[in-house]
Amino acid sequence: GYYLSLALNMVMYAALCTAWTLFSGPTHYVSLATAAFFGLGTYAVGLGLEHLPFPVLVLLGGAVAAILAGLVGGATLRISGVYFVIFTFGLAELVRQVVSYTQIKLTSKMGLYVFTDFTEKHIYWMLLALTALVFVTGWLINRSRLGFAMQIIGNDETVAKHSGIDTAKLKIILFMISGAFIGMAGAILAPRYAYIEPPAAFNPMISFLVVI
């Protein structure tokens, strides 16, 4: 049990870090929004478990995270450096506060129970499959026109713009792909916690540990 739990944590951070690197690797933008995407994934499962099958909820968690990444990317990816770092960190905290406030107002409680038949072994294999999918996606992106364009943006964004590359659009697309995978990881991990609440689901330490 100890080794399984240790392996599960390793695979979790392999999935999260590789998904984070899809965007932050080539662009050199340090995002601290991981906790926001991760938390949305866990809450998608917590809110929909009684109504939808688990695989659908995993995809839904990824979709919700991707939508948030698209909205955030459209608003913030024109800034860079420390300003982008600060904004993405504030975003995760804002989402946590909004979820907490909304849940207390609507249900008069803070958290959600997530009861499934999944064991840590099931969660481990699902996360391992997701990690493999993230690696394959990264491999394909690196060998595509998108990957080539992102390398140019990462090296010199001004040159990329003068070369006719729509830098804002491409950064948003890659940010959405990264956010979707992080949201799916959060959804897969939701059954492990059994009870989820905003401080745990949107824990800022997740964002910092992924960067580290």
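**Figure 1. Packing of helix H1 against helix H8.** In this predicted model, H1 and helix H8 (residues 167-193) pack with their axes 8 Å apart, at an angle of about 165 degrees. Axes are lines fitted to C-alpha atoms, for helices over the stretch in contact, with angles from 0 to 180 degrees between N-to-C directions; helices are DSSP runs (H or I, at least four residues) numbered from the N terminus. H1 is therefore roughly antiparallel to H8 (over 145 degrees; under 35 counts as roughly parallel, 65 to 115 as roughly perpendicular and the rest as oblique). The crossing of the pair is left-handed, that is, the near helix is turned anticlockwise from the far one by less than a right angle. Residues of H1 including Leu-8, Met-12, Trp-20 and Phe-23 meet residues of H8 including Leu-174, Phe-181, Ile-182 and Tyr-193, where contact means heavy atoms within 4.5 Å. This contact has 16 nonpolar, four polar and two charged residues (Ala, Val, Leu, Ile, Met, Phe, Trp, Tyr, Cys and Pro count as nonpolar, Asp, Glu, Lys and Arg as charged, and the others, Gly among them, as polar).

**Figure 2. Packing of helix H1 against helix H5.** The axes of H1 (residues 2-27) and H5 (residues 120-142) come within 9 Å and cross at roughly 25 degrees; the two helices are therefore roughly parallel to each other. H1 passes H5 in a left-handed crossing. Among the residues that meet are Leu-4, Val-11 and Leu-22 in H1, and Ile-123, Leu-127 and Phe-135 in H5. The residues of this contact comprise 15 nonpolar, four polar and two charged.

Figure 3. Thr-34 lies in helix H2 (residues 34-48) and is buried, with a relative accessible area of 1% (buried means under 20%, exposed over 50%, partly exposed in between; 1.4 Å probe, protein chains only). Not counting residues up to four places away in sequence, Thr-34 touches Trp-20, Ile-182, Ile-206, Ser-207 and Val-210.

Figure 4. Glu-157 is located in H7. Beyond its neighbours within four places in sequence, Glu-157 contacts Tyr-29, Ile-152, Thr-167 and Lys-171. The C-alpha atoms of Glu-157 and Thr-167 are 7.4 Å apart. Among the elements of the chain, H7 (residues 157-162) has the lowest mean pLDDT (79) and H5 the highest (95); pLDDT is the predictor's confidence in each residue, from 0 to 100.

**Notes.** Residues are numbered from 1 along each chain as its sequence is written, and side-chain values use heavy atoms, leaving out hydrogens and water. Local features need pLDDT of at least 70 and side-chain atom pairs count only at pLDDT 80 or more, whereas totals for chains, interfaces and linings use all residues.
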